[in-house]
Amino acid sequence: MPYPPASTSTIYSGSTDTIISCPISKHKKPGRIKTLVTGDRYWEKYTIEVIKEADAAVQKAERTKKLPITEREEHRIDGYIEDITTAQENYARFRTLKKPAKARISVGFMQESTISLNETRTKSKIHARRLLEGYAMFSQAKNDEWNMLGPWRHIPPCTIGLRRTPLERVIAWFESGHRGKRVHWLSGKRRCGKSAILHHIARKYDKLFPEGRRATVEFSGHITRKDFVDTFLATLLDQLAERDRQVKIILSQIGHSLRNDRYFSVTPMDKQIDTVFINTFSQLQAQSPFLIFVDGLDACDAGAVDALFDFIEHALSSPLPIYFIIASSDARALSVMSSISRAGLKGFVDTNEVIPYEDAIQEGIKEGLVALVNPPVQSSSDTSSDSPSDVNLDTDE
């Protein structure tokens with residue numbers, strides 16, 4: 001008889017949430033007499049049910065690992081999952097070798113490991129849910145539409161060959177310039193490619209700095225100072241927490257102590273930064289650098305722009321290794337420069353001018369690069385992105 005038995009295909013139909021509602025197995029192991037009477041030396045019917053329980057337990061455990069559980073809990077879960085996998089492999093191997101006694105021992109070990117996995121997963125989930133009661137304060141206040149790298153967004157690729165100069169400036173800033181000037185500002189006319197460059201760098205940041213942290217914010221709609229104060233910090237923290245379990249645990253503890261669903265709307269920005277932002281990252285053992293990407297300043301009114309640079313000024317005055325890359329059009333330059341000057345940040349800003357796309361094409365012609373790309377095709381009604389619709393060169397998109 002082939003293994004697994006063909007009837008096991010029914011195991012995977014339906015939701016696994018309805019399988020195993022408690023950490024105790026509901027299937028009784030066949031005794032010696034039943035094994036002899038039925039002649040089922042490999043416990044085939046029983047094994048099908050045990051595999052069903054085991055696979056459902058593993059799926060639930062993998063979901064539990066995404067919650068803010070401790071490293072010790074995760075290691076225990078991984079250990080039991082490995083035990084289950086090994087037991088399933090051993091059962092198949094002993095069937096092939098025609099060793100029914102050892103095959104039955106493997107099934108028993110699989111069932112014991114499944115029970116232990118469910119017990120550990122249940123305890124970890126209860127603990128995580130208690131922590132998440134405090135984290136809800138942040139997840140409820142965030143703005144998902146501000147995540148410029150959200151999976152629902154289609155980002156037109158940048159014509160890297162024609163953006164060599166500003167990209168080289170960004171890379172140079174990454175390599176050493178950020179130490180002296182902690183804000184990198186991409187400026188230029190509307191639709192000259194600033195957003196495309198910003199998205200390209202943001203997507204590559206994880207490869208450039210695998211130990212770093214990243215948050216990406218793209219403002220949409222009309223943003224006032226109140227919108228910014230109510231939502232910006234929660235949005236940043238939620239992104240950082242989703243990428244770092246320890247951050248989520250700390251935020252959960254802070255949120256649980258604050259116990260205020262209206263915290264962001266009633267708390268001044270500077271106090272938010274000290275109590276939540278700086279406090280959180282000061283508790284982390286590894287102080288790896290992290291970078292905040294900000295785009296869409298054209299959607300912000302003057303008050304929101306001021307609030308952004310209030311945040312940047314306060315963050316840079318802390319000992320945290322935090323850096324910013326911002327993209328804004330020349331139309332916002334006056335407001336941005338006013339905010340930079342008022343916050344005393346002129347000495348901390350590295351400016352990077354992105355020339356108009358037409359000028360970039362002319363430079364590409366002179367350098368012999370234009371033959372590598374297709375001319376952009378733009379519709380007069382296309383206003384969805386800050387970059388033209390270009391071909392893809394040297395990108396991971």
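A residue counts as exposed when its relative accessible area is over 50%, and as buried when that area is under 20%. The model treated here is predicted.

**Exercise 1. Lys 98**

Decide whether Lys 98 is buried or exposed, and state what marks its backbone.

*Solution.* 
- Lys 98 sits in the loop between helix 3 (71–96) and helix 4 (100–141).
- Apply the cut-off. The relative accessibility of Lys 98 is 67%, so Lys 98 counts as exposed.
- Check the backbone. Phi of Lys 98 is positive, about 60°, although Lys 98 is not a glycine.
- Most residues other than glycine have a negative phi.

**Exercise 2. Thr 231**

Classify Thr 231 as buried or exposed, and list what it touches.

*Solution.* 
- Locate it. Thr 231 belongs to helix 7 (residues 225–243).
- Apply the cut-off. Thr 231 has 14% relative accessibility and therefore counts as buried.
- List the neighbours, leaving out residues up to four places away in sequence. Thr 231 touches Ala 141, Lys 142, Asn 143 and Trp 146.

**Exercise 3. Helix 5: length and buried face**

*Solution.* 
- Pick out the buried residues of helix 5. They include Pro 166, Leu 167, Val 170, Trp 173 and Phe 174.
- Identify the cover. It includes strand 1 (183–188), helix 6 (194–208), strand 3 (290–295), strand 4 (322–329) and strand 5 (349–353).

**Exercise 4. Helix 5 against helix 6**

Describe how helix 5 and helix 6 cross.

*Solution.* 
- Two packed helices are described by the angle between their axes and the distance between the axes.
- Read them off. The axes of helix 5 and helix 6 come within 12 Å and cross at roughly 35°.
- The crossing of helix 5 and helix 6 is right-handed.
- Name the contacts. From helix 5, Pro 166, Leu 167, Val 170, Ile 171 and Phe 174 meet Ile 197, His 200, Ile 201, Tyr 205 and Leu 208 of helix 6.

**Exercise 5. The whole protein**

How many helices and strands are there, and what share of residues is buried?

*Solution.* 
- Count the elements. The protein has 13 helices and 5 strands.
- Take the buried share. Of its 397 residues, 49% count as buried.
- The protein exposes about 19,900 Å², with carbon and sulfur atoms supplying 52% of it.

How values were computed: Residues numbered from 1 in each chain as written. Predicted model: local features only at pLDDT ≥ 70, side-chain atom pairs only at ≥ 80, totals over all residues. Heavy atoms only, no water. Helix = DSSP H or I, 4+ residues; strand = E, 2+ residues; numbered from the N terminus. Buried < 20%, exposed > 50% of the residue type's maximum accessible area, 1.4 Å probe, protein only. Areas by Shrake-Rupley, 256 points an atom, 1.4 Å probe, with all protein chains shown as cover. Contact = heavy atoms within 4.5 Å. Axes fitted to C-alpha atoms, helices over the stretch in contact; angles between N-to-C directions. Left-handed = near helix turned anticlockwise from the far one by under 90°.
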